[in-house]
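Q: Can we go over the aromatic contacts in this one? I'd like to begin with charges over rings.

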Amino acid sequence: MKMKKILFIFFLFMLAATVNSYAAYAKSAVTSPPPVTITGQVKDAQGQPIAGVSVKIKGTGNGTQTDVNGKFQLQAPDNATLVFSFLGYAEQSVTLNGQTTLNITLQESSIALQEVVAIGYGTQKRSEATGSSSSVSAKEIAKRPITQLSQALQGTISGVAVTSANGQPGQGPRVQIRGANSITGNNEPLYVTDGNIGAAPDDPNDVESIEVLKDAASTAIYGSRGSNGVVLITTKSGHAGKMRIDFNSWVQNDQMPKMLSLMGAYDFARSVNNQFASTGQTAAFTQAQLDNFKNNGGGTDWQKALFRKAWVQYYDLAISGGSDAVTYRVSLGYLDQPGTILNTYYKRTTFKSNTDFKINNKMDLRIILSASLPQNHNNSYGGGLGDPFNQATEWDPTSPVKDASGSYINHSKYASIQFNPVEQAISQADDGSATNLNGTATFNYHIINDLTFTSTDVYSIGQNYLQRLYGPGTSQYDSGAGYINNETNKFHGYLSSNFLTYHHKFGDHTVTATGLYEVQSGTSTDFIATAKGLSTYSLGYYNLGLGGSQQTASSYSSDALVSYLARVQYNYKEKYFVTASVRTDGSSHLIQKYSTFPSVGVSWNASNEDFLKDSKIFSDLKIRATYGQTGNQNVGAYSTIAQIGTAPGQAPGAQPAYYFNGGTPGAAGTPSVATPLGNGVSTALKWETKTAYDLGIDMAFLKGRLTFTADAYKNNISNLLYSYPATYYDGGGSYKRNIGNLTNNGIEFALGGTPVVSSNFKWNTNITLSINRNKVTSLGGLDNQPVIGGNNTINAILKVGQPLGEFYGYKFLGTWQTSEAAQAALYGMKPGDAKYLDVNGDHTYNSGDYQLLGNATPKFTFGFINDISYRNFTLSFMFQGQQGSQVFSQTLAYTWGGLGDQKNATTTQAVPENLWTPTHQTNNPAWSSSSVNYNNSSRYVYNSSYAKLKNLSLTYRVPAEMLKRVSARSLDVYVSGQNLFTITSYKGYDPEIDNAGNAITQGQEFGVIPNPKTFTIGIRLGL
């Protein structure tokens, strides 16, 4: 209530402060002179026309854009002021004073301090910003055939780490801004699209610009959801004038970036024979079989059998135009993305319309409608032992895919004991479809000259429908656990953001004040039905009634968030700037529901000081400093309410059940659904809070030809939310609890510019470098917390004093040598066996010998982007990478065999001549009944540093003179390639990928599909 009173008084103050100016405004209101036709052309400093420049009548929402020849035409009063703006150029204002023809020259400014950027609940000139933020334009997005918005952030912004963690179709990369800010929660930033909080557009081609807010002073305005950074997205709008048609299409070939070096049939057969001989078994393959494999080849390359080259298609059509009163843009997009694994795909149809209405001189309205209809088939492979992709590296190459009768061979006698990966991929069906609808209305009421009321209201509805079939030809059916199921999830959400903005300039002072009330709520329902023991699978997943047993489950979830914000921005002489804000959030997820998040930022634009105004060195110089707090409520709804037990996770739709009369699941017996008590809950759960400090500098030299930005930051995250282990007498399991602290400290740099520019040649370049150091400083008394990672093995640890992403297990020391026979015998081993560090000296290997083995967090990440233009050709290329990181690869561990599910090795490193012998004492252990191959050991921790050529493209812009013949506005034709090569010492598929569930298990890789190498040809046509 106190916060409400403060805001109420704050609003009254703003209203009272404008009474005098309102009176003056009323007296000066006169009938506007009749409009006249204004024409002109906009060029750059080299005299080249600039297409797409925004030309607006100052003080109104009316305007147009320049065409491909840089020309424009609009109706405006003869005393109006026109504002010309374009990303990468300094904004320019021209008062007509009777002029009807204008020739405008825009000056480049790489950081464009006059550029107006989104800051959340409003806009601001970049020169006035006190926080740390970076932009990505539609021009940058268009360089690559990206399918997910987050791909546009990779390598383009310092302090933003983007990793494509899985190469499956439809899967987007992970994004971290300034390190991991939560140990088990989601570390993704908050996405805000045209005021819609928590939403990112499905089609990147609809995006006009992206603004990434990195420091807490910038993100604190989003309070409880801003701790991981904020990505503000502005989508494309229409412009007054002639209707425009834009068509964008590309076709792309995706393929595996590399193959693992695995044994063929001959090498595998002799390797198995060598293993059997070393362990006293009879040879598996006869000499005749070996000779046949050697001379005639044969066998199966399971990687080639499962992988494929996939052709991806993308189409986007947009129509825009309008008048001074109404402008519109409508787009329709379609993506068809088959996967590089057999029988996988992702398809997506999108629709979006932006319509702007100028109701009168005081009121305007924007209506945004969007729809997304994604479909996916078998794109849920998350990695792990049983996934077909992983099994392709583990299956016996001497075994054919099918037998002589044409039937699949379900199991092989050697190597993996799992199911035929090709048969599994072909036979299973895991299908999903969704309908997502969203409507956004933004209403602006210019109450008086200095005071504006804005209301953004968003309503979202959606439905996800999943259907699964695991019948004949799948491992589930083979083990007697085949099933079909259908699952439906429905949700709807509502967001209402209402704020007053007071902007007043008096003398050398400018004040902008914002007061906000916001509420957001959502409801979700879920229903799932599963059938087992079907009499026939011929109807697929369409008839659950064919099952010998059926199970159903349903759920309901609802939550809400209410927020209040006050923000003041002060500007003195365009030199000194202060921004302060305070936001209070109340969440239904927590016990201590309300928390307040303050922030303050200051900046000094030294380039506007008299001693630098005429500087021949500095074009711009600004120093920034900020402090702020943000929060994280990343726990599920009802986390503070004790609940009854639900599905134990045996299969989708399963319920806790008690079987009596001797019955067991899947057999005879009568099940009775039980309702046991669930885990305990915290009685004091509160916000996870990040306190952040930032110091930055922005510099430009040589009239904007060279720019440099640097930031140093320190983030402390307290009251960490963690799944705390409960004692058995308290019911066991785990519950959410605030337990400790985490720090992220770092430095980030961005260097850009135009080293060369002439009438026909231009070179733009941009380099980003980010350094982050992460450390757990407190865990509420837990100190060391081993964590189970891939294949249900302890291979990670949460440890005070160490960063997140620590690998944990045995330290591999190579092999016991012949001179160490006596020492090896103490462990029941012999020379040639694997040797590990015995920490406690008890002559046995157990969990007491676990050590820290490495870390997944890179020492630094980088991006290097270049655009080289000559006449109508533009060559673009981007390198992206990381250094100082490590990966824990269980995929490579299993190719060495001896791990239960994997009996025999498949890697070429395991051929007999590479293994230990008394005369060839290597660190590759010999086959032995006494040797142990621990997969959670440093033997399988690898350097994952890499540098990738992420994008290489060549674009040809057809000259405007040629297009006049076909009445086209513009036409670009381009070819490009992505992930063309990777410089790395890592022996696995891709050093960029992992299947981590959270920041603790990051860097763990087990059967994860790599990012494909792609080749693209496309066009962009404007009519």
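This is a predicted model: local features need pLDDT of at least 70, side-chain atom pairs count only at pLDDT 80 or more; totals for chains, interfaces and linings use all residues.

Q: Fine. What lies over the face of Trp896?

A: Arg939 does, at 4.5 Å from the ring centre.

Q: And which residue lies over the face of Tyr946?

A: That is Lys948, and its distance from the ring centre is 5.6 Å.

Q: Switching to ring pairs. How many aromatic pairs does the structure hold?

A: There are 39 aromatic pairs. One of them is Phe285 with Tyr414: the ring centres are 5.1 Å apart and the planes stand at 45°, so the pair counts as tilted.

Q: Where do Phe285 and Tyr414 sit in the chain?

A: Phe285 is in the loop between helix 5 (265-278) and helix 6 (287-296), while Tyr414 is in the loop between helix 8 (388-391) and helix 9 (421-427). The pair links distant parts of the chain, 129 residues apart.

Q: Are Phe285 and Tyr414 buried or exposed?

A: Both Phe285 and Tyr414 are buried.

Q: What about Tyr836 and Tyr934, how are their planes set?

A: At 65°, with the ring centres 5.0 Å apart, so this pair is edge-to-face. Tyr836 belongs to strand 42 (residues 834-836) and Tyr934 to the loop between helix 13 (890-894) and strand 47 (941-943), so the pair ties together parts 98 residues apart in sequence.

Q: Why is Tyr836 called buried?

A: Because its relative accessible area is 2%, and buried means under 20%.

Q: Which residues do ring pairs link into a cluster with Tyr836?

A: The cluster includes Tyr808, Tyr810, Phe812, Trp816 and Tyr934.

Definitions and conventions. Residues are numbered from 1 along each chain as its sequence is written. Side-chain values use heavy atoms; hydrogens and water are left out. Rings of Phe, Tyr and Trp (its six-membered ring) pair if their centres lie within 6.5 Å; planes under 30 degrees apart count as stacked, over 60 as edge-to-face and the rest as tilted. Helices (H or I, at least four residues) and strands (E, at least two) are DSSP runs, numbered from the N terminus. Buried means under 20% relative accessible area, exposed over 50%, partly exposed in between (1.4 Å probe, protein chains only). A charge sits over a ring if NZ of Lys or CZ of Arg is within 6 Å of the ring centre and within 35 degrees of the ring normal.
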